[in-house]
Amino acid sequence: MPEIELINVTKTFNEGKVLAVDNISLKIEDGDYVFLLGPTGCGKTTTLRMIAGLEMPTKGKVLINGKNVEAIPPEDRDMGFIFQHFEIFNHLTVWENVTFGLEMRGFEDDYIIQQAEKALKTVGILEYADEYPSVFANPGLQKLAIARAIATGANTLIMDEPLGSLDPKVSKVFRHELRNLVKDLGLTAVHVTHNQEQAMAIADKIIIMRNGKILQMGTPYALYENPNSIFVANFLGETNFLQGFVLRLLDHDLMEIWIRLGGPKIICKNPGLKFNLDNNIVIAFRYEDVYLFPMDYDFKNSLYDWSEMEFFTVTLESSRFIGETKRFYLRLENGDKFTSVKPGTFEENFFSGNQILVGVHQNDIHVFKAPSDLLYELSLS
Amino acid sequence: MVEIELKNITKTYGKTPVLKDISFVIKDEEYFIILGPTGAGKTTLLKIMAGLEHPDSGKVLFDGKDVTAKSPGERNLGFMFENYALFPHMNLVENVAYSSRVHARNKEMTNALVNQVLMMTLLTGRDNAFPEELSGGMKQRVALCRALMNLEQTKLLILDEPLKALDAGLRMNLRQELLLMAKSKELDLTVIHVTNEEQEAMMVADRIAVMNQGEIIQIGSPHEIYYHPKELFVANFLSEINYFEGICIKNETPLWDIHQKSEQKDKFYAEIHEHSSPLLLDIGFNNQFAAYVKNDFNDQIHHGDKILLVVRANHMKIRLGNRLSRKSNSFIGKILRRKFMGVFYRFEVIIRVKSKEKKIIITIPATTEIHNRFLEDSEVTVYFPKELGIVFKYPGEQIIQDILKLE
């Protein structure tokens, strides 16, 4: 059973001129479906290739089950590979595509037949065994690529944008099938993508990379609920950011923030008393954590406890029904804009130009030190 | 003002029909989306409107005038196609400003416009980069900027997958910008935008034309096609769905009749909306009946007809325990898998009745309660309000398989 560990791994190209991966350490537990996620050029593919043995680290170690695998070539690492363009052999039948790798490794015929049948059945294309890959559109090719990867009996799947060639609709259906398959077979999976929605939908754990470094790793839930940086907050979900400064420090590890240019005053948590008076800060809260109320909402007779909710008044600029959700585009008096997302079935009676009361729970407000370049932190590349 | 009318457009490549008798009108100042999977014929249709392709038969009218034989230049429009066609020898700003040369704009105005579109697409500060130095996403944005530069001359913007190569986050931002720009009062634009992403379509469109295999399946507002899809293809394309095969037991059942039936069987009770008459369905679970609002398209469903009931994953609700609801259609099951996806949790719930088993997909807003209490293996009741059920005449096994497998 595999446990993959990288210790202080650095990778440079062009005789040290290009730093692709910058001193990273990580651990992938047996049976985890792990994503390497980040914008183009962040080092995620290079990291994947080092795990697979397709690249050697310039510095640092790759361990599998505690053993340094420097001397072990990719084909002996018990890994199956799936790439964006599938790399299917079009001149071989579906069956031959799957058995080819097994034959190359010199397995017995009986074993090869058993493995190929099992793999093709698992992905649901056994009936096409004698056909050529040209009968398939992209989803079928994708399944064939997966069958080929799992037929070897590999315990780890190495995937680089495996859903990248599928139509968005197909990929949204297929991603769940892919996860279920990996979990049902008890495989460990390492999956590279730049698509955060896909990572959130499939991953047990996500490793977020930028500029060759790891910014944060953890479960989708942990990263989503507690992002450690503006970049991660912005990258993993739709987030509102407002700039301000610390106006007052309060008891119980709370503080009062004043949003810039005469915006609202908001009370939020100051965990570990990280922030001091007059610190410039950025607050972040998710679109879906913005509650909307009519101006005359009767809080006194409400069933819910609104005591830790921060309220302020905004103008509704426009709203939009997009199926699963409804989006409300809002503007503060100081001109700052932000957005609220509600379920598509949310019933409301708001019109553009209306004043609306907005509420955000103190627990849903994340505070970050104002960066020197907010635009850079918010850029997704 | 630009109103576009297509009349009986057909197009065949070799022996393959790409467009089959397409007719519709795009209204002045409308943001019109053509949505469909790869190979549906979307881009061909767009090229015919732009004058880059000619139909085998049929007419293209702009403001009532026949432009079928006119070249793209004579049609006065801004367009952006998937292969961005940037000039490799010009830097970013020169590429973007190129149309100003053609239109002999003064320098100040050009600069102001260039700055505006670069800011909007987050390209500011890359002025001197040449196309080969730019990533795919950046090239796409440059191409978009170039199309946007034309807008004071033309009132028609044609966009083929304008946001395709971009990262998800950037795509979300740009969608909103595109819409704001298209709707700005100064520009009075008509926009035709092709995409294969349903979220993108829903987010910007006034109306959406859903295409498949060379045909327009349905045209309507996002709300219409979402709540009243005309066919299974449309229903499925817009979100993850659950479907049930069954039989229509009764059409236009009066209120008292349902009461009576449900009392009798002690299984199911349906509240009825004022303005709708329900269908009563047997979908084979526990002899439960389900009643649904009729939509515009299922008039033709009669007593005894085989039907397909569709319920969107996000219209299913879930609660702990195993009490069947008397107010809505409900099933008892067990959570097989759950996955946190950010805004939503996605559940796969197995419902079993005797030997019959079915997997139901549910997506619901993520809350602390869901996170803490709705765990795998929990026994749950799954239900949905009857007005959110969509009923189609049974389209046949093969069609269902083709649509749901998307191949």
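This is a predicted model: local features need pLDDT of at least 70, side-chain atom pairs count only at pLDDT 80 or more; totals for chains, interfaces and linings use all residues.
**Two chains, strand by strand**

If pairing is new to you, here is the general idea: strands of a sheet pair through backbone hydrogen bonds, either parallel or antiparallel.

In chain B, 6 strands make an open sheet with mixed pairing, and the order is β6-β7-β8-β3-β9-β10. Which strands of chain B are the edge strands? They are β6 (78-80) and β10 (215-220), each of which pairs on one side only. From one strand to the next, the twist averages 15°.

Follow that order to its end and you meet β9(B) with β10(B), which pair in the antiparallel sense over 5 bridges. Here Asn212(B) faces Glu215(B) of β10(B). These two strands form a hairpin with 2 residues between them, and in that hairpin Gln213(B) takes a positive phi near 45°.

Now, over to chain A. Its open sheet has 6 strands, mixed pairing and the order β6-β7-β8-β3-β9-β10. At the edges of this sheet are β6 (79-83) and β10 (213-218) of chain A, and each of them pairs on one side only. On average, neighbouring strands are turned by 15° against each other, direction ignored.

We can look at both ends of this sheet. At one end, β6(A) pairs with strand β7 of chain A, residues 156-160, in the parallel sense over 5 bridges. Within that pairing, Phe81(A) stands opposite Ile158(A) of β7(A). At the other end, strand β9 of chain A, residues 205-210, and β10(A) pair in the antiparallel sense, again over 5 bridges. There, Met209(A) is opposite Ile214(A) in β10(A). The hairpin of β9(A) and β10(A) has 2 residues between the strands, and Asn211(A) takes a positive phi near 50° in it.

Next, some helices. In general, two packed helices are described by the angle between their axes and the distance between the axes. In chain A, helix α2 (residues 94-104) packs against helix α3 (residues 109-123) at an angle of about 135°, and their axes are 10 Å apart. What do we call that arrangement of α2(A) and α3(A)? The word is oblique, and the angle is why. As for handedness, α2(A) passes α3(A) in a right-handed crossing.

And who touches whom? From α2(A) the contact has Trp95(A), Val98(A), Thr99(A), Leu102(A) and Glu103(A), while α3(A) brings Ile112(A), Gln115(A), Ala116(A), Ala119(A) and Leu120(A). Sorted by class, that contact has 7 nonpolar, 2 polar and 1 charged residues.

Let's step back to domains, beginning with chain A. The domain assignment gives domain 1 as 4-233 and domain 2 as 238-373. Their C-alpha centres lie 39 Å apart. The contact of these domains takes 4 residues from domain 1 of chain A and 6 residues from domain 2 of chain A. On the domain 1 side, we find 3 nonpolar, 1 polar and no charged residues.

For chain B, the assignment gives domain 1 (4-236) and domain 2 (237-405). Here 13 residues of domain 1 of chain B are in contact with 14 residues of domain 2 of chain B. On the domain 1 side, α8 (222-227) and α9 (232-238) of chain B are the elements that give two or more residues. The most come from α9(B), with 5 residues. That side of domain 1 of chain B divides into 8 nonpolar, 2 polar and 3 charged residues.

Last stop: how many residues of chain A and chain B are in contact with each other? We have 35 residues of chain A in contact with 31 residues of chain B. On the chain A side, the elements giving two or more residues are α4 (138-151), α5 (168-184), α6 (196-202), α7 (220-225), α8 (230-236), β16 (309-321) and β18 (337-343). The biggest giver to this side is α5(A), with 5 residues. By class, the chain A side has 17 nonpolar, 11 polar and 7 charged residues.

Key
Residues are numbered from 1 along each chain as its sequence is written. Chains are lettered from A and ligands numbered from 1 in the order in which they are written. Two residues are in contact if their C-beta atoms, placed from the backbone, lie within 7 Å. Helices (H or I, at least four residues) and strands (E, at least two) are DSSP runs, numbered from the N terminus. Ala, Val, Leu, Ile, Met, Phe, Trp, Tyr, Cys and Pro count as nonpolar, Asp, Glu, Lys and Arg as charged, and the others, Gly among them, as polar. Domain bounds come from an automatic or database domain assignment. Two strands pair if DSSP finds at least two bridges between them. Axes are lines fitted to C-alpha atoms, for helices over the stretch in contact, and angles run from 0 to 180 degrees between N-to-C directions. Angles under 35 degrees count as roughly parallel, over 145 as roughly antiparallel, 65 to 115 as roughly perpendicular and the rest as oblique. A crossing is left-handed if the near helix is turned anticlockwise from the far one by less than a right angle, and right-handed if clockwise.
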